[in-house]
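Please open the structure in a viewer and display the whole chain.

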Amino acid sequence: MSKRRNNLKNTKNVNEQQVQQNLPEQVFIVAEQMVNNVYHVHMDEEITDNSYYRNLITLLNNATPEDVIVFHISSVGGMVDSAVSICNAIRTTEAQTIAVIQSYACSAASLFIMTTDSVIAMPHSYVMIHPAMYGYGEDMKKLRKFVEFHDKRLMEVFHDFYEGFLSEEEIESMVENSMELWLTADEVIDRLNDRDGDQEAILADGEEDIDDIIEEVLHETPKRRKGTKKND
């Protein structure tokens, strides 16, 4: 009889002995490796068409609670519809999200810092918020309908994302008077910390390593439940 067949016979005999002795079954244990991935996304270009961000939105949609996604922002803004698509994915992702204002977050790029779990503002960085600008060429009737629709829609976007960061009066005045709101890093952090919610906002001092600051934020900021809004 081969060695392999001997081993099989011995195993069978052991199993029969366990049954005969009525030994209890062993607890079932499965080892699962938990992988913590930190993704760094550099938003340092003008925000362009939605198709450019397919991989980013897929990453946000498929991320796990063990994942961290850090947005490094130095952007003049761009297409608000694309920014809204990304921010909607940020709101519902299971990953922990951090926005780092590297130098400036202007126009549509400012929506990111209203949405992530945490915000880190680097020294001398700033934020600029202003009304939307339209680029649309059509006849008068179509243009009027376009503007009426998007005026109403964008006001809803402003009130949604900037709630608690800008007052109702500031939003209305910004739109009606075509104002640009320029905010220093200190002002941004103060306004974010005054909002209702659990968003963590930190002003970096320029001496501590950014990776150390991110690590500190990850230990202090609780993960948000999937499907809840950041400022709930």
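Begin with the entire chain: of its contacts (heavy atoms within 4.5 Å) with a separation of 6 or more, 73% are between residues 24 or more positions apart. This is a predicted model, in which local features need pLDDT of at least 70 and side-chain atom pairs count only at pLDDT 80 or more, while totals for chains, interfaces and linings use all residues. Residues are numbered from 1 along each chain as its sequence is written, and side-chain values use heavy atoms, with hydrogens and water left out.

Colour next by secondary structure, which comprises 8 helices and 7 strands (DSSP runs, numbered from the N terminus: H or I of at least four residues for helices, E of at least two for strands). Of the 232 residues, 38% are buried (under 20% relative accessible area, 1.4 Å probe, protein chains only).

Now select Met43, Phe71, Ile73, Phe112, Ile113, Tyr162 and Phe165, the residues with the most contacts inside the largest nonpolar core, which has 46 residues. Such a core is a set of buried Ala, Val, Leu, Ile, Met, Phe, Trp, Tyr and Cys residues joined through side-chain atoms within 4.5 Å. Helix α3 (residues 80-92) contributes the most to this core, with 6 residues.

Another core, of 11 residues, lies apart from it and includes Ile202, Ile213, Ile214 and Val217.

Finally, select helix α8 (residues 210-220), where Ile213, Ile214 and Val217 are buried. These three lie on the same side of α8 because they cover an arc of only 100 degrees around the axis (taken from the directions from the helix axis to the C-beta atoms). The buried residues of α8 pack against β1 (38-43), β2 (68-75), β3 (96-106), β4 (118-121) and β7 (200-203).

Terms used
Buried < 20%, exposed > 50% of the residue type's maximum accessible area, 1.4 Å probe, protein only.
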